[in-house]
Amino acid sequence: MEQTKIKIVICDDMPFIAENFKNVLSTYSDIEISALTTDEKSCLEAVLKLNPDIVLLDIQMDLHDAGIIILEKIKKLSPQTKIIMCTIHDEDEFILRSFVLGASGYLVKTEPTNVIVNTIREVYKNNVSLSADIAQRILKTTISAQ
């Protein structure tokens with residue numbers, strides 16, 4: 001019996017970063033990279049055409065928060081597609097907006113490969129995945145807002 005693969009679309013405006021993710025993630029037998037995209041248009045087209053399980057989505061592309069705008073559009077077009085924000089930004093504003101709009105995970109690009117792969121697997125199983133540091137910051141922000 002063939003193992004089900006987690007179909008992923010990577011959206012990052014820096015092609016070498018997307019390629020690096022593809023090269024690393026493709027070595028895992030349960031992960032399939034369906035497409036590499038570099039902008040909103042190609043990302044949305046890939047989601048509609050390929051129906052991926054997960055989109056690894058950069059936050060800052062042509063606009064400061066373009067990824068968050070794309071996240072919102074993906075959730076409207078393909079509500080079952082899970083989104084993992086994959087970025088160099090760990091500001092509370094980006095983190096909170098991402099989860100409010102439907103992200104299932106949040107990774108800083110410098111995370112070790114095993115953390116990235118574990119996040120993908122957890123999100124695929126319908127779990128929310130974020131580091132303890134980010135979870136703690138969300139909790140503190142939520143508590144202080146009350």
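**Close-up views of a predicted model**

**View 1. Asparagine 51 sits in the loop between helix 2 (40-50) and strand 3.** Helices (H or I, at least four residues) and strands (E, at least two) are DSSP runs, numbered from the N terminus. The phi of asparagine 51 is near 50°, a positive value in a residue other than glycine. With a relative accessibility of 38%, asparagine 51 is partly exposed; buried means under 20% relative accessible area, exposed over 50%, and partly exposed in between (1.4 Å probe, protein chains only). This is a predicted model, in which local features need pLDDT of at least 70 and side-chain atom pairs count only at pLDDT 80 or more, while totals for chains, interfaces and linings use all residues. Residues are numbered from 1 along each chain as its sequence is written, and side-chain values use heavy atoms, with hydrogens and water left out.

**View 2. Helix 5 covers residues 113-124.** Its 12 residues reach 17 Å from the first C-alpha to the last, close to the 16 Å expected at 1.5 Å a residue (the expected span is 1.5 Å times one less than the number of residues). The buried residues of helix 5 are Ile116, Val117, Thr119, Ile120 and Val123. They lie on the same side of helix 5 because they cover an arc of only 155° around the axis, the arc being that of the directions from the helix axis to the C-beta atoms. An α-helix has 3.6 residues a turn, so residues three or four places apart point the same way.

**View 3. Asparagine 126 lies in the loop between helix 5 and strand 6 (129-130).** Although asparagine 126 is not a glycine, its phi is positive, at about 70°. Asparagine 126 counts as exposed, at 61% relative accessibility.

**View 4. The largest cavity has a volume of about 40 Å³.** A search of the whole structure finds one cavity of 30 Å³ or more. On a 1 Å grid over the protein atoms alone, a cavity is a set of points where a 1.4 Å probe fits but cannot get out, and lining residues have an atom within 4 Å of a point. Grid points are joined across faces, edges and corners, and the volume is the space filled by probe spheres set on the points. The lining of the largest cavity consists of Ile10, Cys11, Asp12, Phe21, Leu56, Leu57, Asp58, Cys86 and Lys109. Strand 1 (6-11) and strand 3 (54-57) are the elements that give two or more residues to this lining.

**View 5. Valine 24 lies in helix 1 (residues 15-25).** Valine 24 is partly exposed, with a relative accessible area of 29%. From C-alpha to C-alpha, valine 24 and lysine 49 are 24 Å apart in space, and they are 25 residues apart in sequence.

Notes
On a 1 Å grid over the protein atoms alone, a cavity is a set of points where a 1.4 Å probe fits but cannot get out, and a pocket is an open set with protein on both sides within 12 Å along at least five of seven lines; lining residues have an atom within 4 Å of a point.
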